[in-house]
Amino acid sequence: MHALKLNIHDNVFDKIIYFLKNLPKDEVSIVEDKILNESQVQLIEENSEEQLFSNHTANLVEEWKDISEDDVWK
């Protein structure tokens, strides 16, 4: 089983929900449907690039965890 967390803009939300609701109910369930206010959306957009890099698979290599990015580029 997989769990996904998506940030979906209002203009495509109805299409995504329609698609998900037409999948087999015993195989797909919508766990949370949360409406974000404008400040929450802005915070997500500001931090999205930072999160992409912090979740990079290089962070999983034990030998590299103690090395800062600055040390790599010296």
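The structure is a predicted model, in which local features need pLDDT of at least 70 and side-chain atom pairs count only at pLDDT 80 or more, while totals for chains, interfaces and linings use all residues. Residues are numbered from 1 along each chain as its sequence is written, and side-chain values use heavy atoms, with hydrogens and water left out.

**Fold and confidence**

- The protein chain has three helices and zero strands, where helices (H or I, at least four residues) and strands (E, at least two) are DSSP runs numbered from the N terminus.
- The mean pLDDT, which is the predictor's confidence in each residue from 0 to 100, is 76 for the protein chain, and 62% of the residues score at least 70.
- Where pLDDT is low, the predicted coordinates should not be read in detail.

**Exposure**

- Of the 74 residues of the protein chain, 1% count as buried; buried means under 20% relative accessible area, exposed over 50%, and partly exposed in between, with a 1.4 Å probe and protein chains only.
- In H1 the number of buried residues is one of 12, so this helix lies largely in the open.
- Ala 3, found in the segment before H1, counts as exposed because its relative accessibility is 77%.
- Although Ala 3 and Ser 29 are 26 residues apart in sequence, their C-alpha atoms are 9.9 Å apart in space.

**The largest pocket**

- The largest pocket holds about 1,600 Å³ of space; on a 1 Å grid over the protein atoms alone, a pocket is an open set of points where a 1.4 Å probe fits, with protein on both sides within 12 Å along at least five of seven lines, and lining residues have an atom within 4 Å of a point.
- Of the 35 residues that line the largest pocket, Lys 5, Leu 6, Asn 7, Ile 8 and Glu 32 are the closest to its centre.
- Helix H1 (10-21) and helix H2 (38-54) each supply at least two residues of this lining, and the largest share, 10 residues, comes from H2.

Definitions and conventions. Grid points are joined across faces, edges and corners, and a volume is the space filled by probe spheres set on the points.
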